[in-house]
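Hello,

Here is the structure I promised to pass on. Please open it first, then read my notes below.

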Amino acid sequence: MTTKAIRGTQDILPGQVEIWQRVEESARRTFALYGFQEMRTPIFEHTAVFLKTTGESTDIVQKQMYRFTDMGGNDLTLRPEGTPPVIRAYLEHQLGQGRSIERYYYIGPMFRYERPQQGRYRQFHQIGVEVLGTESAHLDAEVIEMVMRWLRDLGVRDLRLLINTVADEPSRVAYRKALVRAQAGHLDELCSDCHRRHRENPLRVFDCKVDTCQPVIAQLPSIHDYLSDTSASHFERLREVLGSWGMDYEIDPRMVRGLDYYRETVFEITSGALGAQDSLVGGGRYDGLVAQMGGREVPGVGFAAGIERIVLAMGGQPEATAADVFVVAFDDSTVSAVHTIVHQLRAAGVRALCAAYDGRSKKAQGSAARRSRAPWQLVVGPDEVQSDRYTLRRLADDRRLECSGEALVSTALSLANEPAANPTGSESRNDG
RNA sequence: GUGAGCGUAGCUCAACUGGCAGAGCACUCGGCUGUGGCCCGAGAGGUUGGGGGUUCAAGUCCCCUCGUUCACCCCA
């Protein structure tokens, strides 16, 4: 079957795409308020870009990359996440001069070879943000507040903000040692997955959901008992700022993010409206990443948000309308009048449609009108043409407005701009 | 990569222990109606995801495969 999208990919059809546009436009508008500018990078890079940043030990690098060799023999990879390309571009174009603070956002597809399920796809889409050039916890708070505002504005349901710290290197070394020691004493009480985690990444034991492991997990030491002075004060300052802005959040002392480069602050935003894949946004601080790619020591903080999951968490949205006014020809004698009116409406900025083609009956035109979900209808018959009196009718409540042919365009224009008339379809035109 | 469930018309789903593939909605045409939702009549729409096997006979049973859903793993 060749007429089928590749596994883990999907078409976003009219009716659904308007919701995506709303999510994207809302992000652009919100992020612009905070001084962010868009950056667009290629969707593939030299594989080394991801090996050196995302981290060789991560699942992404080990088993999820769409990696291929092009005809020139280059080792390339479809980007599995957005941060490495942004850092690469930042270095290539020497964007951070002096002590400047750079704020970028990106929107686009990412690719990971995984088993698809609800909210998880092989080609998925992220809106992400990166701030480069400051280690101030104030920026951690700023991006968190920004993304929360954006999601709230979109009407995403059941939002939950979780924050934690993965601390600096000395703290992590000390903590990891303590953790391994604590786990080692209870290995016989832990499941097989936990044994593996204990060997490979002891922090991940915290993610275990097996009941019998919980008593042990509950008694494991917390990273918060091993924070260096700098890590402790960084996290404390973040909490102060979030608190002073009245932000609700929870500290999840066991949260660990899956990318190797995170330092200090990590955070996650989930929605209770989703299933197992409930993470809408993941982010954190990545001081040291730029240096790791060969640049100066430039600290950074950012996040990535999954558009598919946000759309899911927004729940059922009203179907977009294809037009504001649908014009129906009463009979063959008025077909050309209908096309003239449609032409004039469009020229004035009113989204207008008709179906007076191929000799379609009045009834067929009416069906097309219904399918278009156009709120207003205008029937043009011999009587209207002769008397020069036209009636715009709203189907929802049978509201009727009568006017002359001359006033038709201006009347329709004012109706089309009534916000209630059209929830999603004409947002861009009304932006002003 | 692991485990389980499910694939029948555009959509939602039927078809008793194997026995002529159906309904509702949607769609097209016609009737009624100076306005698109109501009513009446007609029509179109399928290789039952694909391949193989058992059988007189397979949507139904068996094997393989693809897709999808849920969970694990992991993450957005």
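Glutamate 38 forms a salt bridge with arginine 40, and their closest N and O atoms are 2.9 Å apart. A salt bridge here is a side-chain nitrogen of Lys or Arg within 4 Å of a carboxyl oxygen of Asp or Glu. Glutamate 38 is partly exposed, at 28% relative accessibility. Arginine 40 is exposed, at 69%. For these words, buried means under 20% relative accessible area, exposed means over 50%, and partly exposed is in between (1.4 Å probe, protein chains only).

Before going on, note that this is a predicted model: local features need pLDDT of at least 70, side-chain atom pairs count only at pLDDT 80 or more, and totals for chains, interfaces and linings use all residues. Residues are numbered from 1 along each chain as its sequence is written, chains are lettered from A and ligands numbered from 1 in the order in which they are written, and side-chain values use heavy atoms, with hydrogens and water left out.

**Salt bridges**

The count comes to 20 salt bridges. One of them joins glutamate 92 and arginine 88, at 3.1 Å from N to O. Both residues belong to helix H4 (residues 83-92). They are four residues apart there, so about one helical turn separates them. Helices (H or I, at least four residues) and strands (E, at least two) are DSSP runs, numbered from the N terminus. Arginine 88 is buried, with a relative accessible area of 18%.

Another salt bridge brings together glutamate 142 and arginine 103, at 2.7 Å from N to O. This pair links distant parts of the chain. Glutamate 142 is buried, at 19% relative accessibility. Shared partners also make a network: salt bridges join Arg28, Glu38 and Arg40.

**Aromatic rings**

A search of the whole structure finds ten aromatic pairs. The rule covers rings of Phe, Tyr and Trp (its six-membered ring) with centres within 6.5 Å; planes under 30 degrees apart count as stacked, over 60 as edge-to-face and the rest as tilted. Take phenylalanine 31 and tryptophan 150. Their ring centres are 5.4 Å apart and their planes are at 70°, so the pair is edge-to-face. Phenylalanine 31 sits in helix H1 (residues 17-33) and tryptophan 150 in helix H5, 119 residues apart. Both are buried. These two also belong to one aromatic cluster, formed by Phe31, Phe36, Tyr105, Trp150, Phe267 and Phe303.

The charged end of arginine 122 sits over the ring of tyrosine 113, 3.9 Å from its centre. The rule asks for NZ of Lys or CZ of Arg within 6 Å of the ring centre and within 35 degrees of the ring normal.

**Cysteines**

Cysteine 354 is buried, with a relative accessible area of 5%. Cysteine 403 is buried too, at 6% relative accessibility.

**The sheet**

Eight strands make an open sheet with mixed pairing, in the order E1-E5-E6-E11-E10-E9-E7-E8. Two strands pair if DSSP finds at least two bridges between them. The edge strands are E1 (37-38) and E8 (250-251), each pairing on one side only.

Look at E11. Strand E10 (residues 279-285) pairs with strand E11 (residues 300-306) in the antiparallel sense, over five bridges. Valine 281 stands opposite alanine 305 in E11. Glycine 284 stands opposite glycine 302 in E11. Strand E6 (residues 123-132) is also antiparallel to E11, joined by seven bridges. Here glycine 128 stands opposite alanine 304.

Is E11 buried or exposed? Seven of its seven residues are buried, so E11 is largely enclosed by the rest of the structure. Gly300, Gly302, Ala304 and Gly306 point one way from E11, and Val301, Phe303 and Ala305 point the other way.

Last, threonine 165, in strand E7 (residues 159-165). Threonine 165 is buried, at 1% relative accessibility. Its side chain reaches the backbone nitrogen of alanine 167 at 2.9 Å. The side chain of threonine 165 also reaches the backbone oxygen of glutamate 264, at 3.3 Å.

Best wishes

Terms used: Polar contact = N/O pair within 3.5 Å; in protein donor to acceptor, adjacent residues only side chain to side chain.
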